[in-house]
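Look at the model below and follow the text alongside it.

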Amino acid sequence: MNTATMGLAAGMALGFAGYFGGFWAFLLVLVLGAAGLVVGLVLQGDLDLRARRQR
């Protein structure tokens, strides 16, 4: 799955959460999605938190 498709899926998920669940559901999906992105990048090796922490 390429980046554009992933962005489309994330946008649609946020849209559904905002429409059906209201503002707080939108924020919850946004925060959990960002946390999932960070965890995924760390596990994939594209984000090194140790290097950022040592500054």
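A residue is called buried under 20% relative accessible area, exposed over 50% and partly exposed in between, with a 1.4 Å probe and protein chains only. By that rule Phe 23 is exposed at 51% relative accessibility, and Trp 24 is exposed at 67%. The model is a predicted one, in which local features need pLDDT of at least 70 and side-chain atom pairs count only at pLDDT 80 or more, while totals for chains, interfaces and linings use all residues. Residues are numbered from 1 along each chain as its sequence is written, and side-chain values use heavy atoms, without hydrogens and water.

The whole structure holds 3 aromatic pairs. Rings of Phe, Tyr and Trp (its six-membered ring) pair if their centres lie within 6.5 Å; planes under 30 degrees apart are stacked, over 60 edge-to-face and the rest tilted. Phe 16 and Phe 20 are stacked, with 6.0 Å between centres and 10° between planes. These two residues lie 4 apart in helix 1, so about one helical turn separates Phe 16 from Phe 20. Phe 16 is partly exposed at 49%, whereas Phe 20 is exposed at 63%. The rings of Phe 23 and Trp 24 are edge-to-face, because their planes stand at 70°, with centres 5.4 Å apart.

Helices are DSSP runs (H or I, at least four residues), numbered from the N terminus. The axes of helix 1 (residues 3-21) and helix 2 (residues 23-44) come within 6 Å and cross at roughly 155°. Axes are lines fitted to C-alpha atoms over the stretch in contact, with angles from 0 to 180 degrees between N-to-C directions.
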